[in-house]
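Me: Could you walk me through a two-chain model, one question at a time?

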Amino acid sequence: MDLSALQAERIEVGDDLWAVQALFEEKGWSDGFPVIPPTEDRVAQMLAAVRRSPQDVVGVVPPRWAPATVEKIAINAVMAGCRPEYMPVVIAAVEAITDPKLNLYSLQATTGGPAVMLIVNGPVRNQIKVNGGSNALGEGWRANATIGRCVRLFQRNIGGSYPGTTCKATLGWPGKYSICVGENEEASPWEPLHVERGFKASDSTVTAISADGSVRASDLDSTKAVGILSNFAQRMEGPSGPEAIMVICPEHAKIIAGDGYSKNDVKKFVWERAAYRMKDLPDETFNQRVKRRPDLKLTRDSVIPVTDKPEDVIVVVAGGDGSQSQYIHVWGQSTPEGGSTRSVTKLVRA
Amino acid sequence: MTVITHAFEALAKSEREAFGAPDHPILIVQHPIGTVNVDEVNRRADAAFDTLAEILVNTQGIKAAMV
């Protein structure tokens, strides 16, 4: 790696790790957790893991709309604690989050405070140990923790997203630190997300999606699909979004598929039941809803389903033992044009 | 020009810099507007109207005004 190809400013700082952290804190370059100092050697190791020029622009990151060069991506990947072998996934994640369909600007500017969730599919999960099993949405796996963390650092350090000024989240939520999960394809009775979206099973992909909180869809009582899915649909009731994420645990998935339900059947089942009922709303809220979606011609007898179409419900299988699934709400407005944000899936290139 | 609430002032100024239009005028109105009733929104719109018109026609250019 020719270090002269790197253009980032060099900053001299002593070997004291606390002093390094203080510098990053003072400069506003951290998400609050300590960071790994991005020395030339460490950045070079990251760059050596991809066949891209350091100055290639992978995307532009709002709100500063600054170019995310491979070099800047590598620097932030070091800071997040990534291993060099994560870089192809990290690059694909940047391609996904900067795709205009995701509308990252609105995600980071809204008071809603969503995270950008990453779902990793394909062989790369096992190659770099992206967890999709026990505690898949929790702590304990470096790839999940640090690849997810990169997304936040890119928005902050490249995009200039700072809470209270250019990031307007009222509360935010812990997923904004990091939320990255592998689909548990081995334990899934259905085709994985990336195959649903036209990729080969042997491809590896990263899907980026707006996510603003989760609700546990626990069900230890049902032994039939209809029970599990009815219970799940109850968790999904409330204001709709452009998409919705069902993270179904393997035990639930096995029962549901065993009763003959395909992924599309699952989506249709919950879509027909998870709804926002106009009859339950106070007059003021009802009137606002009517104004917001005149195309739906809403009346007091109307229900607004969780998404505009059943196929907008995303189903992934993840987790370990137990009967604990989760519903993850997607921040954004359903609109006649398809929604204010849409999930984006990108191929991981070696 | 762009009308914003004051809670979004820093973001709006950052955006106009990012897009290379640092002199793009913004009119800043009181926050919030999402949780106030229609009468109050109308009152604030009426109060902002003259300043808005001034920004639109002022040949000297106004970078930011607050009402």
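Predicted model: local features only at pLDDT ≥ 70, side-chain atom pairs only at ≥ 80, totals over all residues.

Me: Thanks! Where is B:Pro32 found in chain B?
Reply: Residues are numbered from 1 along each chain as its sequence is written, chains are lettered from A in the order in which they are written, and side-chain values use heavy atoms, without hydrogens and water. Helices (DSSP runs of H or I, at least four residues) and strands (E, at least two) are numbered from the N terminus. By that numbering, B:Pro32 is in the loop between β2 (26-29) and α2 (38-57).

Me: What is omega for the peptide bond that joins B:His31 and B:Pro32?
Reply: Most peptide bonds are trans. The bond between B:His31 and B:Pro32 is cis, with omega about 0°.

Me: Is A:Ser202 buried or exposed?
Reply: A:Ser202 sits in the loop between α8 (193-196) and β5 (205-211) of chain A. Buried means under 20% relative accessible area, exposed over 50%, and partly exposed in between (1.4 Å probe, protein chains only). Because its relative accessible area is 54%, A:Ser202 is exposed.

Me: How many residue pairs are in polar contact across the interface of chain B and chain A?
Reply: A polar contact is a pair of N or O atoms within 3.5 Å; within protein, one must be able to donate a hydrogen and the other to accept it, and residues adjacent in sequence count only if both atoms are side-chain atoms. Across the interface of chain B and chain A, the number of such residue pairs, both at pLDDT 80 or more, is two.
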